[in-house]
Every structure is written in structure tokens, then in C-alpha cells.
Amino acid sequence: MKLKGWKDIPWGGLILEAGNAQKYETGGWRTFRPIWHEDKCKQCLFCWIYCPDGSVIVEDKKVKGFYYEHCKGCGICAQECPFEAITMEEESKFRKDQGGRP
Amino acid sequence: MEKVMAFTGDEIAAEAMRQINPDVLAAYPITPQTETVQKFSEFVAEGRVSTDMIRVESEHSAMSACVGAAAAGARAMTATSANGLALMWEIIYIAASYRLPIVMPVVNRALSGPINIHCDHSDSMGARDSGWIQLYSENCQEVYDNLIQALPIGEDRNVLLPVMVCFDGFIISHGTEGVAVLEDKVARNFIGEFKNIHSLLDIDNPVTYGPLDLFDYYFEHKRQQVEAMEKAPEVVKKVGKQFGELTGRFYGLLEDYHLQDADLVVIAAGSTAGTVKATVDELREEGVRAGLLKIRTFRPFPQKEIIQKLSKAKAVAVMDRSASFGAIGGPIFLEVRSALFEEQKKPLVISYIYGLGGRDTGINQIKQVYHDLAKAAQSGKVSQLVNYLGVRE
């Protein structure tokens with residue numbers, strides 16, 4: 001996202017565009033990554049309810065994975081999952097695999 | 001048509017606030033501001049204003065409530081002094097940075113410690129970098145006039161900054177004077193309506209106040225505040241002129257008194273400017289070319305006007321009713337001296353710290369200042385750069 005100059009932004013840090021947090025990618029904050037294990041998942045949607053950031057992808061009322069652009073790796077989903085269908089793994093592993101990118 | 005009536009500074013501040021009729025007033029009592037809010041609470045009880053008065057548990061809460069109310073689109077006010085202002089500290093910066101034009105009488109009182117309830121400017125001078133406009137008042141009339149003008153200044157679309165209307169504790173706040181007061185209708189028409197274009201209650205145009213603002217945008221938002229302050233002088237002058245057309249009392253950033261041909265100039269803010277005027281009158285009778293330059297707006301600082309007004313002066317004394325510990329003289333002195341730095345021809349400038357904790361400063365002391373200035377002008381040298389007027393050695 002190209003950063004704007006002081007003449008082109010609302011004053012006082014006000015946000016005038018509802019929902020624009022979606023444009024602000026916070027996945028880079030993550031040190032642990034949630035991994036979804038489809039075989040163990042019972043589709044209870046606890047992870048979707050508990051995620052503070054709306055980072056659980058749900059399609060047709062079914063969990064499909066995570067939005068890694070926004071997931072900060074807090075681990076609440078893994079903690080709340082009753083079926084151990086989500087595990088937290090070190091982000092560095094994946095960064096190496098992906099050429100240093102989250 | 002104006003009516004002249006007797007008011008103390010606190011009472012006339014309350015009277016101005018009655019005419020302003022803010023949507024929200026959140027305040028906590030502190031000497032010497034107490035009577036302002038006490039009087040205003042009577043107006044609330046009598047139903048003479050439609051203000052929601054919030055009785056908060058501290059000044060921190062008072063300013064927080066004002067910020068919330070103003071962000072919701074209300075015209076919000078409070079009033080405070082000294083330690084009360086200090087307790088608001090965190091939130092006064094937030095009010096300014098969210099660009100909420102809250103208007104607040106600050107009844108100047110010395111900051112503790114040791115504890116003291118009398119006048120000096122250590123409270124508001126400490127807030128000089130908070131992003132608030134500061135208007136200083138010489139007497140009860142100016143308390144009224146500044147308060148009525150503060151709203152159209154702060155609420156101007158090009159400014160949108162909160163405004164402190166400063167007046168000296170006890171000397172003005174508890175001194176009774178005749179004050180010309182506008183009719184309610186006329187005053188309210190002058191003040192106009194306030195419409196916050198980004199109101200939290202406007203659900204059709206949702207807005208977020210107070211999101212995290214890190215290294216990517218915080219600097220840009222501070223730059224915007226600088227710009228708002230730079231736009232403010234024109235607005236202060238415009239409103240001062242409009243007010244003058246209505247009342248005959250014209251206001252600018254500064255006021256000068258016998259300055260035209262003055263060799264020796266004293267710069268002062270607040271009630272002491274009145275004492276300096278009386279001193280100038282006496283000295284003029286003795287043939288001394290003495291003059292006064294009164295600071296009305298310390299924020300924004302009227303640099304250009306000060307340079308122009310001091311272009312003929314030989315020696316200038318800047319009187320500060322506050323100390324800036326560890327600095328080279330008082331805050332007004334530092335900025336006046338700095339403003340003159342680039343000038344080829346500039347007067348000698350001397351700092352006088354005076355009146356701390358309400359120490360009385362009379363004509364004889366100010367005569368001494370002019371005497372020092374005469375000596376400096378004659379010798380072309382400043383013998384003592386920073387002076388403490390009226391302190392016992």
C-alpha cells in the first residue's frame with residue numbers, strides 16, 4: 001500500500017472508511033502459525049467464533065483454513081479447539097520455505 | 001447594544017458560557033476556577049441553559065468527557081486551573097490531536113509545589129506544546145470577549161483546534177469590574193452553530209476516532225496540526241475584526257500601547273499588561289519613550305507581528321510569569337528572542353521572571369524594568385540577561 005502525504009489524509013488519524021482494516025495486513029506480526037488439520041476437524045466453528053481478527057476462512061458454513069495476511073498468531077483458536085484440529089507451529093519454518101515472506 | 005454590568009472574572013466566564021450554551025460541560029472544581037463552574041451550575045439548575053452538565057470525579061475525566069462529547073458532535077466545554085490542568089495533561093494532547101475545538105477557561109494559578117493557589121502562568125505555559133490555541137486576557141472584559149471569540153476561532157474549518165482562554169487567578173477571577181455584555185441573541189448569532197463534520201453519532205458516515213497511529217502516519221498527523229496552527233493567526237485576526245465591528249473592541253494577536261515611537265518596550269501577557277499601561281502613562285509624563293506590547297495569542301506565536309512591532313525599539317524586556325527551569329529565561333522571552341534572531345537590526349532583549357505564586361508586581365517594579373532598559377539602551381549592553389523581579393535575595 002502506497003503511503004499518502006499529510007495533505008491527503010483525514011485529520012487526527014480519523015478513519016472514514018468502514019472496514020478498511022482489511023487493507024492493513026498484520027500477518028507479519030506472527031511468530032506462531034495456526035495449522036488446520038482437516039481430518040480432526042468436526043466443524044464446530046469454535047475457532048471462527050473465538051478468533052479476535054476474523055482470520056478463519058469459512059465457506060458454506062465450513063472451516064477452510066486461515067487468512068494468513070491478517071492472522072497475528074495469537075493461538076486462541078488452537079487453545080479453544082476441542083478436537084486438537086489446530087496446532088501452532090513456528091512461523092520461521094514457513095518463512096524459510098517461502099523465501100522469507102509470511 | 002451592550003449592557004455594562006459588574007462581574008468578577010469567574011462570573012463573567014460563567015456568563016459567557018451561559019450565552020454559549022454548550023451541549024456538554026464536564027468540570028471538576030479547583031481554586032480559583034471554582035466560581036465559574038459553580039455559577040454555571042446555577043444556570044443549569046435554573047434551566048437557563050440546555051447543557052448536559054457532567055459532574056466528573058477528576059479533571060482527567062472532565063477532559064475525557066469533553067473529548068468524547070466533542071467527537072460525538074457536541075460543543076463541549078470545561079474550565080480548570082493549575083493542578084487540575086496538570087491532571088488533564090494526557091487528554092489535552094488528545095483533544096488537540098483529534099482536532100476537537102473544545103473551549104476551556106484556564107484560570108491561571110501556580111502549579112504545586114509547594115502548594116499555592118495564587119496567580120502565575122506556570123500551568124498554561126507548561127501546556128504550550130499541547131496543540132491548543134492560547135488567548136491571554138488582561139481584565140474581565142477580555143475574559144468575556146476572548147471566550148465569545150474562542151468558539152468561532154477554534155471551530156473554523158481551517159483551524160479545528162481547542163482553545164484555552166487564560167486569565168489570572170484572583171487578580172482577574174476574583175476582581176470585580178464593569179463588563180460590557182452583548183445581548184444573548186447577538187452573542188449567539190456571533191458564535192454561530194457548531195457542526196462536527198466527523199461525528200461519531202453520524203451512523204450514515206461512520207468514523208473511527210483514536211486508532212493506533214504508528215511510524216507510518218503519526219508524523220503526517222502532527223504535520224497537519226502544525227499547519228492548523230499556522231492557519232490560526234488569520235482566523236484570530238478575522239474573528240477579532242468581526243468582533244470589533246460588533247462591539248467597537250477590536251482584537252488581533254497582539255495589542256500595543258504607545259509603541260509607535262517607543263525606544264523602551266515591555267512585553268507582557270495577562271493582567272500585568274494593565275499595570276504596565278499605567279506605568280507607561282506615568283513614564284510618558286516624565287518624557288520617557290516607553291511602550292507596551294501585549295501578547296494576546298501565545299499559541300499560535302505571532303512571530304511576524306512581533307518582529308514588525310519591535311522594529312524601532314532599542315531595548316525590550318520580556319516579562320514571564322513562569323520559570324522554565326534549566327532554560328535561558330522565561331518561555332515568552334525565549335520565543336521573542338528567537339523570533340528576532342534573523343533580523344539585521346534588532347533590539348536588546350532582557351528576560352524578567354516575575355510574580356510567581358501570586359507575588360504582587362506593582363508600578364514601582366515595572367518602573368525599575370524600564371530603568372534597566374534605559375541603561376541597556378544607552379550602553380548598548382545587557383548587564384543581566386535573566387532577572388527575577390521582586391524575589392528576595
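This report covers chain A and its interface with chain B in a predicted model. Local features need pLDDT of at least 70 and side-chain atom pairs count only at pLDDT 80 or more, while totals for chains, interfaces and linings use all residues. Residues are numbered from 1 along each chain as its sequence is written.

Chain A holds three helices and four strands, in the order β-α-β-β-α-β-α from the N terminus; both are DSSP runs, helices being H or I of at least four residues and strands E of at least two. Its C-alpha trace spans about 50 × 30 × 20 Å along the principal axes.

| Property of chain A | Value |
|---|---|
| Radius of gyration (over C-alpha atoms) | 16 Å |
| Buried residues (under 20% relative accessible area, 1.4 Å probe) | 32% of 102 residues |

A compact globule of 102 residues would have a radius of gyration near 13 Å, by the rule of 2.2 Å times the number of residues to the power 0.38.

At the interface, 18 residues of chain B are in contact (heavy atoms within 4.5 Å) with 15 residues of chain A. The two chains bury about 1,700 Å² between them, 68% of it on carbon and sulfur atoms; this is the accessible area (1.4 Å probe) lost on being put together, summed over both. His198(B), Tyr217(B) and Gln224(B) supply 29% of the area that chain B buries against chain A, more than any other three residues. Helix H8 (residues 218-247) of chain B gives five residues, the largest share of the side of chain B that touches chain A.

Note on methods:
Chains are lettered from A and ligands numbered from 1 in the order in which they are written. Side-chain values use heavy atoms; hydrogens and water are left out. Buried means under 20% relative accessible area, exposed over 50%, partly exposed in between (1.4 Å probe, protein chains only).
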